[in-house]
Amino acid sequence: MSEVFGASQGTRHKHAVGTGGLYPPEFVAQGLRPIFSPFWADLPHANIFTAITSDILHQLHQGIFKDHFKKWCITLVGKQNFDAHFRAMPAFSGLRHFKEGISKVKQWTGTDHKQVQRIFLAALVGTAPHLDVIKAGCNLLDFIYLAQYQSHTDCTLVVLQQALDSFHMVKDIFIDLGCWEHFNMLKIHSLQHYVETIRSLGSLDGLNTETLERLHINFAKKAYSASNRRDYLVQMTRWLQCQEAIIWFSSYLTWLLKLMDANPSNRTSMTASAALAML
């Protein structure tokens with residue numbers, strides 16, 4: 001990765017080389033497509049790579065944990081055995097009980113990942129073929145939880161880096177056990193920039209795309225579900241306008257009720273104004 005992303009001058013040179021429809025070999029090896037004459041190439045005092053920030057949802061929950069670590073563990077333990085451990089988990093307030101296991105779940109959300117992470121190590125203990133698998137899971141989950149802190153100190157950042165270093169010390173067990181070939185992956189590489197990103201930009205909850213995913217559900221998926229799937233853009237727009245009107249009117253009624261409680265003598269006139277507003 002350092003050969004591709006090492007310096008902006010070298011990257012621009014590789015972009016220039018990739019002409020005639022031929023991609024530079026360094027890009028092909030990493031599965032990347034070059035962008036010729038990028039807009040940021042000649043911007044003064046700009047380093048485009050600093051704009052690539054850490055993302056808890058796609059890099060940690062859906063990336064390292066779901067796409068890699070969980071799959072490695074399922075490969076080592078077996079789907080049936082792993083699902084049996086999740087089904088055997090006793091029900092407890094605040095914890096989701098996966099009564100069918102986790103291997104059959106097709107679509108995962110950020111909340112689902114967090115629920116699995118709470119009990120993942122408990123399901124792994126007793127089935128993992130090597131102690132380093134448990135250690136790797138413990139260190140990786142520590143890193144994921146620490147990265148989600150809403151505020152950090154020098155001490156928490158030291159612990160965050162220690163969790164990552166401890167994971168790197170034992171991660172080769174997955175290669176030794178034959179469930180993975182190498183760790184030359186962007187998502188593994190991105191973990192080493194978390195401490196630097198937090199120091200320069202603050203806690204990662206402000207950079208997490210999970211918030212935007214939630215807005216996508218509220219403003220796109222629900223609006224589409226309310227349509228008849230024909231000319232849905234117009235129907236979605238109207239539905240959103242209605243929802244916005246309902247929110248505004250609910251806010252008005254809440255304000256009016258508080259005002260009526262504060263001024264009981266004017267309750268009759270305020271009730272009449274509320275009735276007029278509903279017309």
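Predicted model: local features only at pLDDT ≥ 70, side-chain atom pairs only at ≥ 80, totals over all residues.
Colleague: With which side chain does the side chain of His61 make a polar contact?
Modeller: The contact runs from side chain to side chain, at a distance of 3.0 Å. The partner of His61 in this polar contact is Gln117.

Colleague: How many helices and strands does the chain have, and what share of its residues count as buried?
Modeller: Read along the sequence, the chain follows the pattern α-α-α-α-α-α-α-α-α-α-α-α-α-α, with 14 helices and zero strands. Of the 279 residues of the chain, the share that count as buried is 33%.

Colleague: How many aromatic pairs does a search of the whole structure find, and why is the pair of Phe86 and Phe98 called edge-to-face?
Modeller: The search of the whole structure finds 17 aromatic pairs. For Phe86 and Phe98 the ring centres lie 6.0 Å apart and the planes stand at 80 degrees; since planes over 60 degrees apart count as edge-to-face, the pair is edge-to-face.

Colleague: Which parts of the chain does this pair tie together, and are Phe86 and Phe98 buried or exposed?
Modeller: Phe86 counts as buried at 1% relative accessibility, and Phe98 is likewise buried, with a relative accessible area of 3%. Phe86 lies in helix H5 (residues 79–87), whereas Phe98 lies in the loop between H5 and helix H6 (110–124), so the pair ties together parts that are twelve residues apart in sequence.

Colleague: Which residues form one aromatic cluster with Phe86 and Phe98, and which residue lies over the face of Phe183?
Modeller: Besides Phe86 and Phe98, the cluster includes Phe65, Phe69, Trp72, Phe82, Trp108, Phe120, Phe174, Trp180 and Phe183. Over the face of Phe183, at 5.4 Å from the ring centre, lies Lys171.

Colleague: Which residues form a nonpolar patch on the surface, and in which helix is Leu215 found?
Modeller: Together the residues of the patch have about 300 Å² of accessible area, and they are Leu212, Leu215 and Phe219. Leu215 counts as partly exposed at 37% relative accessibility, and this residue is found in helix H12 (residues 210–225).

Colleague: What separates the C-alpha atoms of Lys222 and Trp239?
Modeller: Lys222 is found in helix H12 and, at 43% relative accessibility, counts as partly exposed. Lys222 and Trp239 are 17 residues apart along the chain, and their C-alpha atoms are separated by 9.3 Å.

Colleague: How many salt bridges are there by count, and which residues do shared partners join into one network?
Modeller: The count comes to four salt bridges. In one of them Lys66 meets Asp67, with the closest N and O atoms 3.3 Å apart, and in another Lys187 meets Asp67, with the closest N and O atoms 3.4 Å apart. The latter pair links distant parts of the chain, with Lys187 in helix H10 (residues 186–190) and Asp67 in helix H4, 120 residues apart. Through shared partners, the residues joined into one network are Lys66, Asp67 and Lys187.

Colleague: Which helices hold Arg199 and Asp154?
Modeller: The side chains of Arg199 and Asp154 meet in a salt bridge, at 3.3 Å from N to O. This pair links distant parts of the chain, 45 residues apart, with Arg199 in helix H11 (residues 194–201) and Asp154 in helix H8 (residues 154–170).

Notes
Residues numbered from 1 in each chain as written. Heavy atoms only, no water. Phe/Tyr/Trp six-rings, centres within 6.5 Å; stacked < 30°, edge-to-face > 60°. Helix = DSSP H or I, 4+ residues; strand = E, 2+ residues; numbered from the N terminus. Buried < 20%, exposed > 50% of the residue type's maximum accessible area, 1.4 Å probe, protein only. Lys NZ or Arg CZ within 6 Å of the ring centre and 35° of its normal. Patch = residues over 30% accessible without salt bridge, like charges linked within 9 Å, V, L, I, M, F, W, Y side chains within 5 Å. Areas by Shrake-Rupley, 256 points an atom, 1.4 Å probe, with all protein chains shown as cover. Polar contact = N/O pair within 3.5 Å; in protein donor to acceptor, adjacent residues only side chain to side chain.
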